[in-house]
Amino acid sequence: MDSVLLYVLGVVILVVGLAASIALHEVGHLVPAKRFGVRVGQYMIGFGPTLFSRRKGETEYGLKAIPLGGYISMAGMFPPRREGEAARTASTGFFDTLVQDAREVSAESAEGVGEDRTFYRLPVWKRIVIMLGGPFMNLLLAAVLYAIVLCGFGVAQPGTTISSLSECVIPASQDRTTCEASDPAAPAAAAGIEPGDVIVAIDGAPIASWADVQAGIRDDAGQELTFTVERDGAEVDLQVTPLATERYVTDADGQIVEVDGEPQVETVGFIGIGPQYEIVQQSIAEVPVAVGDNVVRVAQVIATLPVRLVEVAQAAFGGGERDPEGPISVVGVGRIAGEIASLDQVPIAERASSMLGILASLNVALFVFNLVPLMPLDGGHVLGAVLEAIRRGFARLRGKPDPGPIDTARWVPVTLAVTVVLGLMSALLIYADIINPISILP
């Protein structure tokens with residue numbers, strides 16, 4: 001029963017954290033919009049029916065039923081119809097109707113408001129600041145959360161204390177985990193090394209980290225080494241001769257390197273020891289590195305999204321295995337959060353750290369995704385402002401009249417298409433996360 005309650009608590013924490021992230025995203029738009037004098041009619045968290053709202057000044061602040069998004073309503077998001085442009089008629093096409101409806105809604109939001117307080121009348125740089133304010137608020141929040149995780153809680157790293165010993169040496173190319181009579185004995189166990197020993201030095205060279213231990217073994221196959229270990233408060237010297245064995249070649253992220261689909265192997269020294277992991281607080285310098293790595297991973301997922309969605313569909317409808325690094329819906333993230341919270345054998349600090357790490361990754365995803373240059377995403381509005389600046393710049397260079405603002409209302413059909421695609425994508429991911437979810441549990 002306790003595990004069920006913890007699971008529910010994990011989901012609730014995730015939902016509240018996501019709602020807070022969305023709220024702060026919209027604050028990132030709201031603050032510069034008000035600072036630049038734009039009339040903001042609404043600040044809403046969520047979609048659907050309004051659960052609660054209160055008006056303060058000229059802005060209505062509220063919470064809606066579905067906390068999976070948010071928005072602020074600024075006066076004059078789109079410029080009005082140009083003089084001489086045909087008004088809507090009975091024969092107006094569907095997409096033309098969408099464009100004109102968008103203009104009308106924008107015009108209504110600007111009624112009784114001076115033109116200097118409309119969004120489309122702002123200088124380009126101010127519009128860019130407003131639209132980038134939301135994504136960069138998520139980036140800032142991700143950095144704060146990563147700082148808490150890395151510098152406050154710390155990260156599990158292999159230390160110099162020995163946790164486990166291998167009985168024998170099994171080549172990486174062998175698809176088995178149990179020893180056979182023909183397998184050579186592991187050198188560490190044969191030399192008398194025991195779990196709990198702390199490696200102090202190898203051949204007199206001081207050892208400060210597990211990386212030092214690996215470096216002292218890998219290139220010395222067949223050479224006798226003196227391991228100085230601390231045991232029961234005393235230092236003990238043991239003679240160990242690493243055996244040459246095959247191991248998979250890995251990259252900086254620990255992934256197996258493949259060439260033409262074949263995993264690469266290398267011959268290294270091996271003695272058969274495993275480290276005990278310790279929680280180590282990181283330097284603040286590691287925070288931008290972690291955020292940057294996460295941004296790159298999310299960007300790679302978005303860049304390959306069509307292929308990855310096909311893989312998700314195959315897993316959902318064909319029973320294939322889900323890629324743990326692939327796209328996932330908020331339902332799937334909530335499920336993982338619930339699983340983490342219900343791991344009662346894991347210390348509370350580690351579970352809290354993992355939950356904060358998930359929220360940090362979600363904020364990075366919000367940052368990157370909103371920069372995609374398509375309406376209705378923030379990047380689409382930024383693109384419109386940049387193109388307008390370029391067009392006006394060319395007009396000045398050529399001595400032509402100011403062409404005025406770009407009519408981004410004409411992009412509304414694209415907005416509709418993107419919204420439909422995002423809806424279908426969300427439906428697929430939610431279905432996959434229910435039928436064939438990604439899980440951290442064995």
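**Exercise 1. Is leucine 371 buried, exposed or partly exposed?**

Solution. Start with the ground rules. The model is predicted, so local features need pLDDT of at least 70, side-chain atom pairs count only at pLDDT 80 or more, and totals for chains, interfaces and linings use all residues. Residues are numbered from 1 along each chain as its sequence is written, and side-chain values use heavy atoms, with hydrogens and water left out.

Step 1: locate the residue. Leucine 371 sits in the loop between helix H9 (348-370) and helix H10 (378-397). Helices are DSSP runs of H or I with at least four residues, strands are runs of E with at least two, and both are numbered from the N terminus.

Step 2: apply the cut-offs. Buried means under 20% relative accessible area, exposed means over 50%, and partly exposed lies in between (1.4 Å probe, protein chains only). Leucine 371 has a relative accessible area of 32%, so the residue is partly exposed.

Step 3: list the partners. Contact means heavy atoms within 4.5 Å. Leaving out residues up to four places away in sequence, leucine 371 touches Leu132, Pro135 and Gly379.

Step 4: check a distance. Leucine 371 and alanine 285 are 86 residues apart along the chain, and their C-alpha atoms are separated by 25 Å.

**Exercise 2. Find the element that holds asparagine 138, then classify the residue.**

Solution. Step 1: asparagine 138 belongs to helix H3 (residues 124-153).

Step 1: its relative accessibility is 0%, so asparagine 138 counts as buried.

Step 2: asparagine 138 touches Ser21, His25, Asn363, Leu366 and Phe367, with residues up to four places away in sequence not counted.

**Exercise 3. Which residues does UniProt list for "transmembrane region"?**

Solution. Step 1: the unreviewed UniProt entry lists residues 6-25, 136-156, 364-390 and 411-432. Such annotations may be inferred rather than shown by experiment.

Step 1: check two of the segments. Residues 364-390 are 74% helix and 0% strand, with end C-alpha atoms 29 Å apart. Residues 411-432 are 95% helix and 0% strand, with end C-alpha atoms 32 Å apart.

**Exercise 4. Describe the whole chain.**

Solution. Step 1: count the elements. The chain has 11 helices and 12 strands.

Step 1: take the extent. The C-alpha trace spans about 90 × 55 × 45 Å along its principal axes.

Step 2: take the burial. Of the 442 residues, 39% count as buried.

Step 3: take the contacts. Among those with a separation of 6 or more, 66% join residues 24 or more positions apart.
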